[in-house]
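Please open the model in your viewer and keep the sequence panel beside it.

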Amino acid sequence: MLKYFFSLIFLILGATTYGQQTDSLFAVRKGTKFAIRYVVRPRETAKMLAYRFYISDNVLQYANEYQDMRKLIPGTVLYIPVTKENYATVKPSLLQENVSELYYHVTPKDDITVMSTYVGITKTEFRQWNALKGNTLPPEQPLFIGWVKMIKKDTTNPDTEAAYPADKKKKLVVVDTVKIPVPGGLDSVYNRQTSNGLSVITEKGTVAFFDKQGKNDVYYGFHNTTPKGTVIKVYNPGSGKTTYIKILGPIPGTKLFTDSILGISNAAREALGVVDTKAWCELSYSPN
């Protein structure tokens, strides 16, 4: 038991580990500052969102001055201000739970000088954060821009972490994703390798798709740090779709895979809802 406990502690103190959420937060530029584009969900109120993102009701209202905040309609787009109260460019303690990494999609007018100025760090630091060279940035490239404080669970109060009120009109249906079949039964292999998802490492970045001839009943891929035969769970936050990839070996050193953390056979594009040759995805796999 103690051995299992210390194994979990070791994973937590690693870069990304057991129990970590996989949803990536993206910011946009609003004037001279960043803001998180947020889509209101059922039963959410302005007070809930202000609590969740560590800002005041007035700050939230001012950032959305043309919205009626008295009763939010599900699907309404709000902008959550990124402020000195909820944003940091210095990595918080690994044991601090209510912190998430914040990302940004490059626009045509962005370059490293502009981005480092907005973030408030040096160009050298910004290059190191994102493993960049030079001063230009490809449009739509995702960039890491710091850390934001937020309650990861749906809560109304960051002190008590009281849950959102239940929807009394709907019956809660729990979907057992383990039983949902996927090509080649790779979900079962993934669950076996990760102790049913209890022991995982997570990674975020660009994946590239390559042509593979033959049967498409199993999706294959290349990854630099996992052994051959490892199954990686791949989540596309852009489409909300997930699939599983069986690793063949390390990523080839060709132009197709430049700046990619994973290469995936083309057959998996539809399963992930991808139409381009590359996509930003989130990976989960066994640390062994």
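This is a predicted model: local features need pLDDT of at least 70, side-chain atom pairs count only at pLDDT 80 or more; totals for chains, interfaces and linings use all residues.

Begin by selecting Pro92, which, leaving aside its neighbours within four places in sequence, is in contact (heavy atoms within 4.5 Å) with Val99 and Trp147. Pro92 sits in the loop between strand E4 (87-88) and strand E5 (99-105), where helices (H or I, at least four residues) and strands (E, at least two) are DSSP runs numbered from the N terminus.

Residues are numbered from 1 along each chain as its sequence is written, and side-chain values use heavy atoms, with hydrogens and water left out.

Now colour the chain by pLDDT, the predictor's confidence in each residue, from 0 to 100. The chain averages 79, and 77% of the residues score at least 70. Confidence is highest in strand E11 (residues 262-265), at a mean of 93, and lowest in helix H1 (residues 2-12), at 41. Select residues 1-22, over which pLDDT stays under 50 and for which the model has 27 contacts beyond four places in sequence. Residues 166-181 also have a pLDDT below 50, and this stretch has seven contacts in the model beyond near neighbours in sequence.

Turn next to the salt bridges (a side-chain nitrogen of Lys or Arg within 4 Å of a carboxyl oxygen of Asp or Glu), of which the structure holds four.

Is Asp110 buried or exposed? With buried meaning under 20% relative accessible area, exposed over 50% and partly exposed in between (1.4 Å probe, protein chains only), Asp110 counts as buried at 5%, whereas Arg29 is partly exposed at 30%.

Move to Arg41 and Glu44, whose side chains meet in a salt bridge at 3.4 Å, N to O; Arg41 is partly exposed at 34%, and Glu44 is buried at 3%.

Finish with Lys47 and Asp57, joined by a salt bridge at 3.1 Å, N to O. Because Lys47 lies in helix H2 (residues 46-52) and Asp57 in helix H3 (residues 57-63), the pair ties together parts that are 10 residues apart in sequence.
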